[in-house]
Amino acid sequence: MPDSRYQVDVSVVTRFLAEQSQPEQNRFAFAYTVTVHNSGELPAKLMSRHWVITDGDGHVEEVRGEGVVGQQPLIAAGKSHTYSSGTVMTTKVGNMQGSYQMLADDGKRFDAVIAPFRLAVPGSLH
């Protein structure tokens, strides 16, 4: 049973960036807006991220780093932090998933899981 003091929910909205893509060069750009909601009982700081990006050909790229977009936001209980970022893939369809490594106010570290989400050029899925 998960500990209710340490509960962070992540939701993602994606968008294809046609103006930054070059399909003839297999370059497909996507933006994603992430909302990190602290539904736990303690404030928690987003310390680092781990993304697993899989393109339509099955190639996997892992990205690890401090915080998100240069920040390590402290998210109060019941509050959210939203940010936007992006990625470029060589295929029209792919997916991303991963986790955020969180640090609660009481010193406990825990992971916030980012469920898989799809990146797709509009009209590329049947």
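So, in what order do the 3 strands of the open sheet come? The order is β1-β2-β6, and the pairing is antiparallel.

Before I go on, this is a predicted model: local features need pLDDT of at least 70, side-chain atom pairs count only at pLDDT 80 or more, and totals for chains, interfaces and linings use all residues. Residues are numbered from 1 along each chain as its sequence is written, and side-chain values use heavy atoms, with hydrogens and water left out.

A word on terms: strands are DSSP runs of E, at least two residues, numbered from the N terminus, and two of them pair if DSSP finds at least two bridges between them.

At its edges sit β1 (8–16) and β6 (80–89), each pairing on one side only. Strand β2, residues 28–38, pairs with β6 in the antiparallel sense over 10 bridges. Have a look at Val36, which stands opposite His81 in β6.

Next, the hairpin. Strand β7 (residues 93–104) and strand β8 (residues 109–120) run antiparallel, joined by 10 bridges. Gln101 has Asp111 in β8 as its bridge partner. There are 4 residues between the two strands, and Gly107 takes a positive phi near 95° in this hairpin.

Okay, the core. By nonpolar core I mean buried Ala, Val, Leu, Ile, Met, Phe, Trp, Tyr and Cys residues joined through side-chain atoms within 4.5 Å, where buried is under 20% relative accessible area with a 1.4 Å probe, protein chains only. The largest one has 26 residues, and Trp51, Tyr100 and Met102 have the most contacts inside it. Two or more residues each come from β1, β2, β3 (44–55), β6, β7 and β8.

Notes
Buried < 20%, exposed > 50% of the residue type's maximum accessible area, 1.4 Å probe, protein only.
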